[in-house]
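Here are my comments on the model you sent, as numbered points. Please read them with the coordinates open.

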Amino acid sequence: MSPSLSRTLLVGGAAAALIATATPAGASGSGPITAPPDKIVIELATVNGSGCREGTAEVAVAPDNTAFTVTYSEYLAQVGPGAPPTAFRKNCQLNLRVHVPNGFTYAIVQADYRGFAFLQPGASGQERANYYFQGMPQTSQRTHQFNGPLNDNWQATDRTEYADLVWAPCGEKRNFNINTELRVNAGTSNPQTTSFMAMDSTDASVNTLYHLAWQACPAPRT
């Protein structure tokens, strides 16, 4: 990402094709959810963490406003010969400014995390995540465990029941924060071998997908 370009990121390429067909599984039984017709815009306000240095995380919004993706290019935790002692854990904290049409509010109903793992026999990896609106309590951190031997793509899904969704406050501008973490533990694996777990991408199909639910805000009192 060129620092001279605007950090306002709209949908593009294969990421759009992927998320345009996504449906929020956690909304089943809640009745149809209508997204606002006007385009939403998401800006990366700040990016911090050992897994996402400046310029290595991008956001794309689905054309129908039902989801957005986060794509990383340097998000990898590893252990083994040559790996720095701190490389076993990588994290990323994204602070997003979400601009939505007037009269609507949103919540995250489902999050799909994807990546690639190469774990030796006896090694393990973990993916952890939570998110919250500025000034509001964090969601509970959810952890997904992966055990070696593993040499394949991985995926983890966090779902929230519709009745338990946390909605952005109507009429207020509050940034949306996403915290993620990858860990690799050598365990009983051969110390002369390397294990790693990545959430970065060499193509647009490997990304983090956040499904949006929408509600109309109450009409302001006169």
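This is a predicted model: local features need pLDDT of at least 70, side-chain atom pairs count only at pLDDT 80 or more; totals for chains, interfaces and linings use all residues.

1. T69 lies in strand β4 (residues 67-72), where strands (E, at least two residues) and helices (H or I, at least four) are DSSP runs numbered from the N terminus.

2. Residues are numbered from 1 along each chain as its sequence is written, and side-chain values use heavy atoms, with hydrogens and water left out.

3. The mean pLDDT (the predictor's confidence in each residue, from 0 to 100) is 81, and 81% of the residues reach 70 or more. Over residues 1-32, however, pLDDT stays under 50, and for this stretch the model has 68 contacts beyond four places in sequence, a contact meaning heavy atoms within 4.5 Å.

4. The protein has one helix and 13 strands, in the order β-α-β-β-β-β-β-β-β-β-β-β-β-β along the sequence. Of its 222 residues, 45% are buried, and among contacts between residues at least 6 apart in sequence, 81% join residues at least 24 apart.

5. Two backbone details deserve a check against the coordinates. N65, in the loop between β3 (57-61) and β4, has a phi near 65 degrees, which is positive although the residue is not glycine; N65 is buried, at 2% relative accessibility. The peptide bond from G148 to P149 is cis, with omega near 5 degrees, and P149 sits in the loop between β9 (142-147) and β10 (150-159). For comparison, most residues other than glycine have a negative phi, and most peptide bonds are trans.

6. N177 belongs to strand β11 (residues 176-185) and is counted as buried because its relative accessibility is 11%. Its side chain makes a polar contact of 2.6 Å with that of N95; such a contact is a pair of N or O atoms within 3.5 Å, where within protein one must be able to donate a hydrogen and the other to accept it, and residues adjacent in sequence count only if both atoms are side-chain atoms. Beyond four places in sequence, the contacts of N177 include L94, N130, Y131 and F133.

7. The largest pocket has a volume of about 470 Å³. Among its 22 lining residues, V100, P169, G171, E172 and K173 are the closest to the centre, and the elements giving two or more residues to the lining are β6 (89-99) and β7 (104-119). On a 1 Å grid over the protein atoms alone, a pocket is an open set of points with protein on both sides within 12 Å along at least five of seven lines, a cavity is a set where a 1.4 Å probe fits but cannot get out, and lining residues have an atom within 4 Å of a point. Points are joined across faces, edges and corners, and a volume is the space filled by probe spheres set on them.

8. There is one cavity of 30 Å³ or more; the largest cavity has a volume of about 30 Å³. Its lining consists of A129, N130, Y131, T139, S140, R142 and D158, with the largest share, three residues, coming from strand β8 (residues 124-133).

Note on methods. Buried means under 20% relative accessible area, exposed over 50%, partly exposed in between (1.4 Å probe, protein chains only).
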